[in-house]
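Work through the exercises below with the sequence and the 3D structure at hand. Each task is followed by a solution in steps.

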Amino acid sequence: MTPRIIITAAAWNLGLDTEEGAPEKPLFEAQCTSCGHSSGATEGRRLPAEAWALKHTGERPGHRSFRAIQTSFWRVTPAPGNPYASEVAE
Ligand SMILES: [Zn+2]
């Protein structure tokens, strides 16, 4: 007997996470690629990370490369017609 595989599809939407507790704006952070030290993340403002990178190089002239990290949060929600549309997310 041939196994039967049933594939179903449901519509989902992907967008920015606007749930309570989610950051409203992107997080910005700079991380030194030489030593791994980080500016820490600030919400919605990249200037603190940029200023931290400049200060870090000023204090350690050999540390001149940084990973610029911008983090946004997404949420997947059921689209109309999706069987999960009427359920409350956990
Ligand atoms: Zn460093």
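This is a predicted model: local features need pLDDT of at least 70, side-chain atom pairs count only at pLDDT 80 or more; totals for chains, interfaces and linings use all residues.

**Exercise 1. Which backbone oxygen does the side chain of Thr42 reach, and at what distance?**

Solution. Step 1: the side chain of Thr42 reaches the backbone oxygen of Arg45 at 2.6 Å. Step 2: check this against the rule for a polar contact, which is a pair of N or O atoms within 3.5 Å; within protein, one must be able to donate a hydrogen and the other to accept it, and residues adjacent in sequence count only if both atoms are side-chain atoms. Thr42 lies in strand E3, residues 42-43. Helices (H or I, at least four residues) and strands (E, at least two) are DSSP runs, numbered from the N terminus. Step 4: list the contacts, where contact means heavy atoms within 4.5 Å. Leaving aside neighbours within four places in sequence, Thr42 is in contact with Pro26, Leu27, Phe28 and Pro48.

Residues are numbered from 1 along each chain as its sequence is written, and side-chain values use heavy atoms, with hydrogens and water left out.

**Exercise 2. Find the place of Ala41 and state why Ala41 counts as partly exposed.**

Solution. Step 1: Ala41 is in the loop between E2 and E3. Step 2: apply the classes, which are buried for under 20% relative accessible area, exposed for over 50%, and partly exposed in between (1.4 Å probe, protein chains only). Step 3: Ala41 counts as partly exposed because its relative accessibility is 48%. Step 4: with neighbours within four places in sequence left aside, Ala41 is in contact with Leu27, Phe28 and Glu29. Step 5: Ala41 and Thr71 are 30 residues apart along the chain, and their C-alpha atoms are separated by 9.0 Å.

**Exercise 3. Which protein atoms are the donors of the zinc ion, and what is the geometry of the site?**

Solution. Step 1: donors are N, O and S atoms within 2.8 Å of the metal (3.2 Å for Na, K and Ca); water is not among the atoms, so sites may look incomplete. Step 2: the protein donors are Cys32 (SG), Cys35 (SG), His56 (NE2) and His63 (ND1), at 2.0 to 2.3 Å from the zinc ion. Step 3: along the chain, these donors have the spacing C-x2-C-x20-H-x6-H. Within this set, Cys32 in strand E2 (residues 27-32) and His56 in helix H1 are 24 residues apart, and the pair links distant parts of the chain. Step 4: four donors count as tetrahedral if all angles lie between 85 and 135 degrees. The angles among the four donor atoms are 107 to 114°, and the site is tetrahedral. For comparison, the ideal angle for four tetrahedral donors is 109.5 degrees. Step 5: Cys32 is buried, because its relative accessible area is 1%, and His56 is buried with 3%.

**Exercise 4. Where is His63 found, and which side chain does it join in a polar contact?**

Solution. Step 1: His63 is found in the loop between helix H1 (47-59) and strand E4 (66-71). Step 2: the side chains of His63 and His56 are joined by a polar contact of 3.4 Å. Step 3: beyond neighbours within four places in sequence, His63 is in contact with Cys32, Ser34, Cys35, His56 and Thr57.

Technical notes: Four donors count as tetrahedral if all angles lie between 85 and 135 degrees; four count as square planar and six as octahedral if opposite donors are over 155 degrees apart and all others between 65 and 115; anything else is irregular.
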